[in-house]
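Me: I'm new to this one, could you walk me through it?

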Amino acid sequence: MDRRIGRRALIVGGTVAAAGTVALARDELRRLWWRVPGVEKPRKEGEVDYRGAEWVAASPANWRRADRPEDYGIDMVVIHVTQGSFAGAVKVFQDPGHGAAAHYIVGKDGRVTQMIRELDVAYHAGNRAYNERSVGIEHEGFVDRPQDFTNAMYEASARLTAGVCARYGIPVDREHIIGHVEVPGTDHTDPGPHWDWDRYLGLVRRARTARA
Ligand SMILES: [Zn+2]
């Protein structure tokens, strides 16, 4: 890996030698080397990271192109509730003026739509570092309406999260699967007090074991 970064350093530019601190330059390069033409991972229009998901593209204004987990490690899933309908969430994530979007939306009926690739950084947590390290999953409904959190939703979301955890080696626990409310600096309260964390983590664990 080091050797490859070294070679990329020569290609990316002469600023590296002038930068002085080799460690800093290395860190920068680790995040940039994939931008060199021909290095970036191939992307196909409409491709999804989760087999059960349907692709609908979010506006590029609501996420940042990246090459995770090569440039930023993924060690977290952030759980959200939309405070609105499934269609409403899709619409705002397509709106370049919204300034935010999650990777996935899970509906009350269990359907899953992916709007941003996992390799890209979605603006969902309101915290740059947490956006860079996490996958964001929205759930249709309102935080004060426990009836919105259906069996179909819990089960579909748990399968999705189990897949994310499997792909990046993320432990299935409350340190790594968190609510938006737990992101430092946030003023959001989702998923709210009616989200059943014990039940959800149990379902994720079961789905994770079934995958393995
Ligand atoms: Zn949220």
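**A first look**

Reply: The chain's secondary structure comes to 7 helices and 8 strands, where helices (H or I, at least four residues) and strands (E, at least two) are DSSP runs numbered from the N terminus. This is a predicted model, in which local features need pLDDT of at least 70, side-chain atom pairs count only at pLDDT 80 or more, and totals for chains, interfaces and linings use all residues. Residues are numbered from 1 along each chain as its sequence is written.

Me: What share of the 212 residues is buried?

Reply: Buried residues make up 35%; a residue is buried if 20 or more other C-beta atoms lie within 10 Å of its own, exposed if 12 or fewer, and partly exposed in between, with C-beta atoms placed from the backbone.

Me: Why is strand E7 largely enclosed?

Reply: All of E7 (residues 134–139) is buried, 6 of the 6 residues, so the rest of the structure largely encloses it. Both faces are covered, with Ser134, Gly136 and Glu138 on one side and Val135, Ile137 and His139 on the other.

Me: And which way does E3 run against E7?

Reply: Strand E3 (residues 76–81) and E7 run parallel, joined by 6 bridges (strands pair if DSSP finds at least two bridges between them), and Val78 stands opposite Gly136. Strand E4 (residues 104–106) also pairs with E7 in the parallel sense, over 3 bridges, with Val106 and His139 as bridge partners.

Me: Switching to helix H7, which residues are buried there?

Reply: Tyr200, Leu203, Val204 and Ala207 are buried in H7. Seen down the axis, the buried residues of H7 fall within an arc of 100°, so they line one face of the helix; the arc is that of the directions from the helix axis to the C-beta atoms. On the other side of H7, Asp198 and Thr209 are exposed.
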